[in-house]
2 protein chains.
Amino acid sequence: MAEPIEDFYAVIPAGGIGSRLWPLSRADAPKFLHDLTGSGRTLLRDTWDRLEPLAGRDRIAVVTGRAHRAAVEKELPGIPDRNVFLESEPRESTAAIGLAAAILSHREPDVVIGSFAADHVIRGTRTFEFAVQQAVAVARDGYVCTIGIQPSEPSVGFGYIQKGDELDVDGAPEATLVQSFVEKPDLDTAREYYADRSYLWNAGMFIARADVLLGEIAENEPSLYAGLMDLAEAWDDRDRRGPVVDRVWPTLRKIAIDYSVAEPAAARGRLAVVPGHFDWDDVGDFASLAKLNSGGRSEHLAILGEHARVLADTASGILVSQTHRVISVVGVKDIVIVDTDDALLVTTSEHAQRVKGVVDALKLTGRGDVL
Amino acid sequence: MAEPIEDFYAVIPAGGIGSRLWPLSRADAPKFLHDLTGSGRTLLRDTWDRLEPLAGRDRIAVVTGRAHRAAVEKELPGIPDRNVFLESEPRESTAAIGLAAAILSHREPDVVIGSFAADHVIRGTRTFEFAVQQAVAVARDGYVCTIGIQPSEPSVGFGYIQKGDELDVDGAPEATLVQSFVEKPDLDTAREYYADRSYLWNAGMFIARADVLLGEIAENEPSLYAGLMDLAEAWDDRDRRGPVVDRVWPTLRKIAIDYSVAEPAAARGRLAVVPGHFDWDDVGDFASLAKLNSGGRSEHLAILGEHARVLADTASGILVSQTHRVISVVGVKDIVIVDTDDALLVTTSEHAQRVKGVVDALKLTGRGDVL
């Protein structure tokens with residue numbers, strides 16, 4: 001295993017609930033606290049394990065909600081207290097990643113940070129590490145760098161990054177500027193992108209010197225930047241942190257880092273990208289989860305659940321079992337079944353995106369107890 | 001309401017589990033103990049209520065397994081002790097109905113009995129009563145009489161009875177002899193039968209003088225008949241019943257009354273039939289249950305369950321909820337979902353008949369705890 005990268009700090013924003021994975025994902029059991037691959041480990045733990053060789057175990061920070069503190073510390077028993085950054089309420093990715101950048105920059109001015117979501121699935125350790133090493137080299141040159149996934153199929157489920165001019169950075173042979181960001185395309189466009197090879201999936205990974213990242217926020221969101229500075233300056237003082245958080249955090253603008261940093265930086269030629277040649281999935285819904293666990297067999301019923309007692313006959317799709325019940329599935333195709341103690345979901349891969357609507361409807365109809 | 005029919009005794013064999021309705025029906029919660037129509041009453045209770053005006057509350061006997069005694073008495077609080085005939089183990093319909101015939105004939109030699117399954121659904125009180133009154137008139141003339149259901153569609157799910165020559169019996173204007181029995185037909189044949197009108201569904205209802213019915217058994221199954229006589233003779237003697245049951249019951253041949261009585265009697269011109277113009281269903285599987293509860297709307301998700309908490313969106317089929325869980329069903333057609341505390345079934349109407357195979361497989365794979 002390689003040595004950790006010097007001056008590098010990994011940041012794991014562990015935020016979103018993953019509404020499209022209800023009733024598996026819940027407010028009190030968000031997506032990153034689940035094992036979605038049958039590995040026996042949560043996505044958060046997998047993310048940590050993937051980053052430890054790159055950053056070192058004492059140089060990985062997690063940004064998460066107060067409600068998840070205990071669960072995060074249980075999953076990551078090695079994490080130092082000072083590396084758990086608690087949000088009093090969710091305020092989107094600029095606030096989360098910006099908080100980490102500000103605190104770490106305050107502690108260590110030259111630090112390069114890399115932000116990696118807690119709830120993505122990645123397979124291919126060496127290619128991941130190679131991509132991060134390149135991105136850090138590019139970041140040291142003053143760019144904000146993202147890792148774009150080299151598409152393995154013409155997906156319509158992800159946004160795309162169009163590569164621009166090549167960069168000449170030592171240790172980053174594949175680095176280019178980002179020409180533009182593209183929203184989720186239709187299938188024909190996705191096929192063009194796939195054939196073209198100069199379009200990569202936007203996986204939301206950002207690597208930058210903390211001061212460079214904060215500079216981008218300062219330029220585009222000055223009052224958000226000022227708030228982050230106030231927080232960072234007080235953070236490591238036990239007595240001052242609480243009052244400042246209470247005063248500042250609720251005022252921070254809710255804005256995704258794509259809009260506060262990535263797109264403006266791309267427009268000014270300050271956003272770079274390196275391709276990631278590893279398997280990646282954000283496991284956005286049950287269709288994606290089914291595919292991820294199918295082992296490539298479309299006629300297969302994938303089963304997730306330690307205690308699953310399943311009798312399946314000519315069934316395909318995915319079954320998530322969180323109870324001890326016997327489950328029999330007969331003659332259904334591309335089915336999605338999620339069996340939990342207090343809620344049951346039955347749908348199909350085709351309708352997987354509609355699960356978010358279910359969650360909204362449950363809220364509206366007073367059944368929020370199961371969310 | 002009419003007066004009860006003189007000399008008439010109703011018999012309710014409450015036997016079969018209804019394996020095709022697993023996991024709703026169980027060994028300890030057989031089909032007849034369920035409310036399958038949303039009426040708030042079990043099928044057994046509905047059967048009782050339907051027969052009470054015809055027989056009188058003290059003249060309805062139930063033949064059931066020892067294990068179901070308490071449940072039956074709870075459902076039918078008015079039933080006299082002496083009218084609950086307990087089987088020590090199930091030995092098919094000739095033994096069950098023959099036992100009732102033998103006991104009642106011993107008590108009351110001229111009695112006419114009518115046997116009506118505990119787990120069928122019937123709608124149409126007056127037409128049902130008219131059919132039974134006609135059948136009793138025919139039975140008094142010395143025939144075994146069955147009630148055949150006038151088909152409401154070309155069903156391939158039932159056996160058929162072909163009507164023969166008309167009978168001239170006072171009070172039974174529609175009675176005919178039975179020409180023959182026909183096994184479940186293919187769809188083309190079912191369409192012919194439906195158009196023909198001289199074919200009726202075999203609903204397994206038999207009305208006869210008890211001595212006539214026993215005479216048929218004597219002729220076709222003499223040793224079974226002898227056993228029934230031994231049982232009847234000792235039955236009402238508290239001290240003798242137990243030992244005789246223990247000795248005789250396990251020796252009785254397991255044979256359906258269709259083969260021991262109906263078919264031989266038909267062949268000899270001693271089986272009559274009157275048509276039933278009421279809605280009838282034996283609720284043999286979940287496809288049938290879905291249809292029964294759909295209210296005629298094929299795009300409808302029928303829901304059975306007192307405490308059901310369901311959020312359905314573009315779903316059709318049937319959902320049986322026996323738990324308090326929130327159930328969300330999205331974008332599935334003709335689905336069958338049965339949600340119970342220890343078992344969950346997901347299939348489609350098309351595959352409803354395969355549920356029996358699930359039960360067999362559960363037995364074989366050591367999961368009989370949920371059967």
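Guide: Start with a rule: two residues are in contact if their C-beta atoms, placed from the backbone, lie within 7 Å. By that rule, 30 residues of chain B are in contact with 30 residues of chain A. Keep in mind that this is a predicted model.

Visitor: Which elements of chain B supply at least two residues of the side that touches chain A?

Guide: They are strands E13 (309-313), E15 (326-330), E16 (335-339) and E17 (343-348), together with helix H11 (355-364). E17(B) gives the largest share, 6 residues. By type, this side of chain B has 17 nonpolar, 5 polar and 8 charged residues.

Visitor: What makes strand E15 of chain A and E17(B) a pair?

Guide: The cut-off is at least two bridges between the strands. Strand E15 (residues 326-330) of chain A and E17(B) have 4 bridges, so they pair, and the sense is parallel. Within this pairing, A:Val326 stands opposite B:Ala343.

Visitor: Why is the relation between the chains called that of a two-fold axis?

Guide: A rotation of 180 degrees superposes chain B on chain A, with 0.0 Å of shift along the axis and an RMSD of 0.0 Å. That is the relation of a two-fold axis.

Visitor: Which residue of chain B comes closest to the rotation axis?

Guide: B:Val346 does, with its C-alpha at 4.2 Å.

Note on methods
Residues numbered from 1 in each chain as written. Chains lettered and ligands numbered in written order. Predicted model: local features only at pLDDT ≥ 70, side-chain atom pairs only at ≥ 80, totals over all residues. Least-squares fit on C-alpha atoms with pLDDT ≥ 70 in both. Nonpolar A, V, L, I, M, F, W, Y, C, P; charged D, E, K, R; others polar.
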